[in-house]
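Work through the exercises below with the model in view. Try each task before reading its solution.

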Amino acid sequence: MSNFDYLKKDSDYDVFTEACIEAENLMDVSYSAVATYSRRALELAVKWMFVNDRELHTPLQYTLITLITDRNFTNIIPSDMPKKLSYIQKLGNKSVHSDKKISRKEAILSLRNLFNFTNWIDYAYSKNYTDIEFDENILGEVGSKSKIQSELEKLKEELEKKNKELEIAMKANNNENGFSNKRRENQKTRIYKIDEKSEAETRKLYINLMLEEEGWEIGKDCLEEVRVDGMPNNKTGVGYADYVLYDDGGKPLAVIEAKKTSVDPEVGKIQAKLYADCLEKKYGVRPLIFYTNALEYYFWDDLNYPERKVSGIYAKKDLEKLIKRRGLKTELSNTLIRDEITNRAYQKEAITAVLDTFKQGNRKALLVMATGSGKTRTAASIVDILTKCNWAKNILFLADRTALVRQAKESFKDYLPSLSLCNLMGNKEEATNRMVFSTYPTMMNAIDTKKDKEGKKIFSNGHFDLIILDESHRSIYKKYRAIFEYFDAPLLGLTATPKDDIDKNTYKIFELEDNNPTYAYDLERAIQEGYLVPFDKPLELDLKLIKNGVKYSELSEEEKEEFEDTFDDDIEEISSTEINRSVFNNETVDKVIDTLMEKGLKIEGGDKLGKTLIFAVNKKHAEFIVERFNARYPKYKGEFMSAIYHNIKDTETLIDKFKDKDKLPQVAVSVDMLDTGIDVPELLNLVFFKSVKSKAKFWQMIGRGTRTCKNLFGPGLDKERFLIIDCYENFEFFEVNTDGEETKIGKSLSEKIFSNKIEIIKALEHLDYQENKEYQKYRKELVEDVVNSINEIPLDRFDIRLKRAIIEKYNEAKYFDTIDSIKKSELKKEIAPLITYEENDEMAKRFDATIYAIESAYLENKKFTKNQNIVMETGENLAKKGNIAQIQEQKRLIANIRNKKYWQKAGLFDFEEIREKLRGLIKLLDKSVIGVYYYTDFDDEIVELSQRDVSKEFVAYNNLENYQKRVNSYLEEIKDKDVIQK
């Protein structure tokens, strides 16, 4: 007797029926074998569907994971089925590829999930369907029977033969409409209900999976239902802790209290503490505390910190580190500051402020220090003291560019030579070294991929004891917040330019009052104290073409001829924004170069231009500047000036040469790479050959020139100033726009599409759309599509696991019956960024995003002129390709979208028709003019060359009023104490 006997009634299922029955029969033999053969049976059943259901199209790869995540497949099966199939697949992989044992309960869940899937197949495709339940009571026990290896090998061969036969049939792709039609009809008339396990067992399996992922072995160093004596809240004094985690010597490291998924995990906090109290009395060591509902996890090191939300249970090595640290930690003291690292008073003040913050139990600190004042040195001293006092063992340093990571690592190597370091960007150093340096994207990838020699994950969530963020600001945190949500570590932010925006500011991230950092040392004070140098009055160079662009009507006859030969007939002028972006003009660049060579600060008795940094718009602009320089100054033999940008050959060598005062290039043309963070004390000239809108970045760029340099002009002649040449009126812009413009992080196409679908689903709830069945049908289709997208989110990725609780709130269609403002906000802000629409045709995907935006705006009675114009322009471009057969087939529709009158009457379903019928044609169009560059030789002229007066307020850019109040208040409190008098 088998749970799968019902499949025998229909010969159509023969290809997978016996495989299912044999997988269940292996319960008598081996639970690992059950997991392995359940996976094989699932593969046969899934491939059977691809062979027989016409709506399923065979993908290029036949792997099980590819098939069960195929979009057409997940659209057909119930919305909560994919995670069940994923469990079968993953457990099967675990049994084959690891030496971890499969438990009876895991094997049963795999069989239950297989039963649910095959039962759904029967519901969807059979002539006669009876709703039945899975019966655990008929399952065997390991050891009651045995199978010799030859029998298992024979079974394996039979299944592989069937698998190959199915793959041949899939390749032929001769499936007919019969099964598809039967399924659609059955889905209308039949009711299907998944046979679920109990909530308690489901929760337990979630937690067990989390524990196993962190290296815990259930039944060995992780025990369940552990008896705890001495509980004060019941008569017997006996309690049972859900989980206790042990070290190799049998002493408890942590206790875990698990609550129902429907319950707030905070409910288990006091119970967990009581278990910890009892375990401490018994073993003489206080365990750490976790409490969870399997969706959210909280950690409480109650001897040191309040409880906090974490991404999951710690690995053993991390718990052992925390327990051990209790007896090793010593008092943090500024007397440990080493002068060979930081010998300036303000640096010591900054270090003391951070140490005091951490001593008070705070886990976040922010240093606001002017560029060039030694933020990296200061951070190194903090690391030195934290490691000496056993407050930190493993440290992570994050920066947004490879060059800055490399520079920071080299600095720490000089400051702390005994600390083992690793630049994660290379492959030569051990990732297990105590201090790791990385860019944000590299760390995002490394969390799941970096393993130690035993194959265990290196970067567990408790691995780091301090994370240092170089140039930390909101945009970085927003883009890579998964890193900070995953790692449970104190944060030390370093920045020269905090934002003052009340709603979106750096201080909020560090849980600080606006304009009140942990410590601040601004540019004005640094200049006054002689640690940094100021810039001269900026030299503003106004060029006619940069200011006004190129107008055909204003050109000479000779230039008009060149204009006609260069640009399309319908173009009559080139806007100023395109100059130096896509249109590069000889004389425009020449005049900037000549001004630099004439007015720039020089060394070697005035014979040689000092080290100079030119900020260019893009790579082509940078290359063109170098090309024009070499044409005008051939005597330098092509070595004096170099372009430096991402992906250029030998970037690091070029940067090293530029930083060396005795080597060329003397002038670097930077496209973002050297704009921030690079230290070149010899820099004398900065040329802003681009517009900058971010005030934070503008000041970081200016900061490249503020460093002091001894004997730069000769013995005893130090650097006292530097020059700025501004070709784009940047100073004027920031005097008018005092806060600059916030740099927004662009949304992905998938995020835009998903968000607009949510807007459409919400809009179709309105009473006006209830009577028309077509509207409700479309809403239902969109809900199914959205739910399928949510269920396709890969839950095994570290950044996704953190969002599992919210993902599971929306993984069924019933949650979309009504969408209130809270739901809409969660779906757009939390879920949408996790969505990825797999689409090889990016242009079609862009077209989808445009049409969904139009549909959303239409339903909400908003204007959509911009997107309408995009579609109309697309229609014009398609019409030009009218000799292509596929375009001819849509002649009527293409004519409609080019007509403004059509848009006056068009409605929701007209827009959807446009999307469905034209999205596949977009790839036939010529590629966008983006990436097309023009080189011209028009006359340009200097409109004005003058020095600009910059207000004191503009120079002293850090608005730190609250910080100053705090400092003054502190000084007032202790003014009579001896230390101040001294």
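**Exercise 1. Find how helix H32 and helix H33 pack, and classify the angle.**

Step 1. Locate helix H32 at residues 842-859 and helix H33 at residues 865-879. Helices are DSSP runs of H or I with at least four residues, strands are runs of E with at least two, and both are numbered from the N terminus.

Step 2. Read the geometry: the angle is about 135°, and the axes lie 9 Å apart. Axes are lines fitted to C-alpha atoms, for helices over the stretch in contact, and angles run from 0 to 180 degrees between N-to-C directions.

Step 3. Classify. H32 is therefore oblique to H33. Angles under 35 degrees count as roughly parallel, over 145 as roughly antiparallel, 65 to 115 as roughly perpendicular, and the rest as oblique.

Step 4. List the contact, meaning heavy atoms within 4.5 Å. H32 contributes Phe847, Thr850, Ile851, Ala853 and Ile854, and H33 contributes Asn867, Gln868, Ile870, Val871 and Thr874.

A note on the model: it is predicted, local features need pLDDT of at least 70, side-chain atom pairs count only at pLDDT 80 or more, and totals for chains, interfaces and linings use all residues. Residues are numbered from 1 along each chain as its sequence is written, and side-chain values use heavy atoms, with hydrogens and water left out.

**Exercise 2. Trace the open sheet of 6 strands.**

Step 1. Write the order: E1-E2-E3-E4-E5-E6, with mixed pairing. Two strands pair if DSSP finds at least two bridges between them.

Step 2. Strand E1 (222-229) and strand E6 (308-310) each pair on one side only.

**Exercise 3. Is Lys316 buried or exposed?**

Step 1. Find Lys316 in helix H11.

Step 2. Lys316 counts as buried because its relative accessibility is 17%. Buried means under 20% relative accessible area, exposed over 50%, partly exposed in between (1.4 Å probe, protein chains only).

Step 3. Check the contacts. Leaving aside neighbours within four places in sequence, Lys316 touches Trp216, Asp221, Tyr246, Asp248 and Leu253.
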